[in-house]
Amino acid sequence: MSVVETHDWTTAGSIDDVLADDRVLTDPYPVYRRLHREAPVHWAAAWRSWVVSTYDGVATILRDPRWSTSQGSRGRMGWNVQHLEAGQRAKLDPIMSHYRAGMLSADPPDHTRIKGIVKHDFTPQSLERRATEIRGIADDLLARVYGSSEVDIIAAFAYPLPSVVVHDVLGLPRDDIDTITGWAEDIIAVLDSNRPDFDVCLRAQESLADARRYIRELLERRRRFPQDDVLTHFALAHDSISDAEVVGTCATFLTGGHETTTALIGNGVLRLLQDPPLYRALADDRALLPSAIEEFLRIESPAQRVTRFARVSLTLGGVNIEPETPVIALIGAANRDSTVFDRPDDLNLQRQPNRHLAFAAGVHSCIGAPLARLEARVAFTALLDAVESMELAEPKPDWLPIHAVRFQRRLPVRVKWRRRSP
Ligand code: HEM
């Protein structure tokens with residue numbers, strides 16, 4: 001079965017017309033190819049940002065310290081609320097400050113200080129002990145749907161698995177997952193859109209207040225009763241990190257560590273089932289799993305884009321970019337750049353080398369990358385151990401029309417289960 005691309009963006013008018021069409025969010029690759037060819041550094045009026053699509057351009061922005069994740073003193077959210085009236089913006093101080101504090105908002109040296117507190121929690125060595133725990137979570141989830149002839153892989157498996165794992169790693173009680181996920185979704189909603197409604201910003205602010213109270217209480221408890229989790233490491237480092245920075249960083253862990261990993265697992269299953277010989281090849285030879293996971297990350301990158309702001313006037317691809325103007329680095333497009341990847345639109349489970357940028361690069365490169373890789377390895381192993389065979393139940397993927405993360409609303413598959421050992 002071929003990969004479904006539904007729109008002919010090559011003849012659909014100007015690039016700006018295409019970018020203004022929300023269908024590009026579910027079908028981005030043809031327009032990425034156009035951007036590569038026609039406008040590697042492009043002012044996208046619809047997105048009120050520069051857009052950079054080539055591998056070299058994206059890698060430069062991510063690695064060069066003259067680019068920041070924050071828009072100067074306005075932090076990461078200032079740009080998104082420029083359309084609001086001054087009076088409305090004045091009421092959004094707490095949520096604006098939230099997006100100024102924490103690992104992802106900070107430049108070095110603050111960034112180095114914050115990342116240093118928890119970087120040891122995410123090394124492959126310190127995570128390996130979690131493999132058995134993660135396998136247990138994966139097996140439990142599969143046991144709940146065992147025997148069903150049709151399963152939605154997202155709802156049953158790819159969505160809950162990373163959610164439980166990230167809460168465990170942080171040290172947030174599993175009983176509170178639904179409440180915490182609700183807060184995290186409200187808080188991130190202001191960045192999901194170029195122009196969030198004032199109501200969306202107010203809701204984010206209320207959820208932030210609840211989350212802040214909740215995390216402060218947990219930090220207090222961890223100071224008295226330390227455990228082996230990220231929250232304890234923040235709690236014990238309270239002389240070198242503020243509560244606002246802890247809350248800001250925890251929010252990034254919760255949002256950055258959940259749906260991205262759902263996407264890695266779900267997109268990987270989709271791509272395999274769209275190409276049954278490759279699915280069989282992986283099922284028959286698990287040694288392919290590590291390189292297959294890297295290829296899933298490249299070909300359907302969960303984080304399609306990140307935003308950066310120039311700290312000083314810079315020239316990129318012959319274009320002058322003024323300070324504090326947003327630039328969208330299209331990771332999803334860089335990972336399909338034919339000058340770096342041979343036959344970039346083909347899924348090649350043995351691709352070597354595979355220098356994709358799915359986890360970004362430079363100082364803000366993903367701290368959770370080893371955890372995401374471990375989760376994907378365990379998830380695919382558990383799934384392949386449990387099923388005899390799988391096939392797509394619906395031919396057309398159900399991509400969510402959102403900017404930041406490329407993942408499917410649902411992925412129904414028909415399953416033939418292996419007989420369980422008694
Ligand atoms: C397949 C899964 C994942 C992908 C594709 C991914 C991708 C990324 C990307 C592209 C960035 C850079 C963001 C930016 O510069 O704006 C990032 C940063 C980050 N990610 Fe991930 N991520 C994944 C999983 C995780 C997990 C499992 C965690 C933690 C449990 C995590 C935590 C973070 C944090 C805290 C940052 C900020 C790092 C910093 O500012 O230095 N991510 N991730």
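This note sets out selected local features of a predicted model.

1. Basis of the note. The model is predicted: local features need pLDDT of at least 70 and side-chain atom pairs count only at pLDDT 80 or more, while totals for chains, interfaces and linings use all residues. Residues are numbered from 1 along each chain as its sequence is written, and side-chain values use heavy atoms, with hydrogens and water left out.

2. The iron site. C366, through its SG atom, is the single protein donor to the iron atom of the ligand, at 2.3 Å. Donors are N, O and S atoms within 2.8 Å of the metal (3.2 Å for Na, K and Ca); water is not among the atoms, so sites may look incomplete. C366 belongs to the loop between helix 18 (331-334) and helix 19 (369-386). Helices (H or I, at least four residues) are DSSP runs numbered from the N terminus, as are strands (E, at least two).

3. Other features of that loop. The loop between helix 18 and helix 19 also holds R343 and P353. R343 is not a glycine, yet its phi is positive, near 45°. The peptide bond joining Q352 and P353 is cis, with omega about -10°. Most residues other than glycine have a negative phi, and most peptide bonds are trans.

4. A further cis bond. P108 and P109 are joined by a cis peptide bond whose omega is near 5°. P109 is in the loop between helix 5 (93-98) and helix 6 (110-118).

5. Packing of two helices. Helix 10 (residues 160-170) packs on helix 14 (residues 243-256) at about 155°, and the axes are 9 Å apart. Axes are lines fitted to C-alpha atoms, for helices over the stretch in contact, and angles run from 0 to 180 degrees between N-to-C directions. Helix 10 and helix 14 are therefore roughly antiparallel (under 35 degrees counts as roughly parallel, over 145 as roughly antiparallel, 65 to 115 as roughly perpendicular and the rest as oblique). At this contact (heavy atoms within 4.5 Å), V166, H167 and L170 of helix 10 meet C250, F253 and L254 of helix 14.

6. Aromatic pairs. Seven aromatic pairs are found in the whole structure. In one of them, the ring centres of Y29 and Y32 are 5.6 Å apart and the planes lie at 80°, so the pair is edge-to-face. Rings of Phe, Tyr and Trp (its six-membered ring) pair if their centres lie within 6.5 Å; planes under 30 degrees apart count as stacked, over 60 as edge-to-face and the rest as tilted. Y29 and Y32 are three residues apart in helix 2 (residues 29-38), about one turn of the helix.
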